[in-house]
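Open the model in your viewer and keep the sequence panel beside it. The tour below goes from one selection to the next.

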Amino acid sequence: MVHIRFEGRSYDIAEPQLGVTTGMSDTAIKQRLAQHFDVSQDRLQSYIVDRRPSGDLIVRPEAVYG
């Protein structure tokens, strides 16, 4: 499962629906998400891809503190 926080909303999308496979690079995952949301890949450039031990992916904006 890919969990993404994009433009203030949370989405859960099955990996096969996005064409995401094990071992894909962060850049390739962001590219698939940009295609899914029909936006430029630049919009996801600063996003973080967090690979969980369960195999799920969490894609979120970079956290800015202070």
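Two residues are in contact here when heavy atoms of theirs lie within 4.5 Å. The model is predicted, and residue numbers start from 1 along the chain.

**Stop 1: Phe6**

Select Phe6 and show its side chain. Leaving aside neighbours within four places in sequence, Phe6 is in contact with Tyr11, Phe37, Val39, Arg43, Leu44 and Tyr47. Is Phe6 buried or exposed? Its relative accessible area is 4%, so Phe6 counts as buried, because the cut-off for buried is under 20%.

**Stop 2**

**Stop 3: Phe37**

Centre the view on Phe37, which lies in helix H2. At a relative accessible area of 17%, Phe37 is buried. Which residues does Phe37 contact, leaving aside neighbours within four places in sequence? They are Ile4, Phe6, Tyr11 and Ile13. For a distance to check in the viewer, pick the C-alpha atoms of Phe37 and Ile48: they are separated by 17 Å, and the two residues are 11 apart along the chain.

**Stop 4: the nonpolar core**

The largest nonpolar core has 18 residues. Select the residues with the most contacts inside this core: Ile4, Phe6, Ile29, Leu33, Phe37 and Val59. S1, H2 and strand S4 (57–60) each supply at least two residues of the core. Which element gives the most? H2 does, with 5 residues.

**Stop 5: Lys30**

Stay on helix H2 (residues 26–37) and select Lys30. Lys30 is buried yet has no salt bridge. The nearest side chain of opposite charge belongs to Asp26, 5.7 Å away. Not counting residues up to four places away in sequence, Lys30 touches Gln41, Leu44, Gln45, Tyr47 and Val49.

**Stop 6: the salt bridges**

Side chains of opposite charge can pair when their charged atoms come close. The structure holds 3 salt bridges.

- Select Glu7 and Arg43: their closest N and O atoms are 1.8 Å apart. Glu7 is in the loop between S1 and strand S2 (9–13) and Arg43 in the loop between H2 and S3, 36 residues apart. Glu7 is exposed at 53% relative accessibility, whereas Arg43 is partly exposed at 40%.
- Select Asp26 and Arg51: their closest N and O atoms are 2.5 Å apart. Asp26 is partly exposed at 33%, and Arg51 is partly exposed at 40%.
- Select Arg52 and Asp50: their closest N and O atoms are 3.1 Å apart. Arg52 is partly exposed at 40%, and Asp50 is partly exposed at 23%.

Conventions
Predicted model: local features only at pLDDT ≥ 70, side-chain atom pairs only at ≥ 80, totals over all residues. Heavy atoms only, no water. Helix = DSSP H or I, 4+ residues; strand = E, 2+ residues; numbered from the N terminus. Buried < 20%, exposed > 50% of the residue type's maximum accessible area, 1.4 Å probe, protein only. Lys, Arg positive; Asp, Glu negative; His and termini not counted. Salt bridge = Lys/Arg side-chain N within 4 Å of Asp/Glu carboxyl O. Core = buried A, V, L, I, M, F, W, Y, C linked by side-chain atoms within 4.5 Å.
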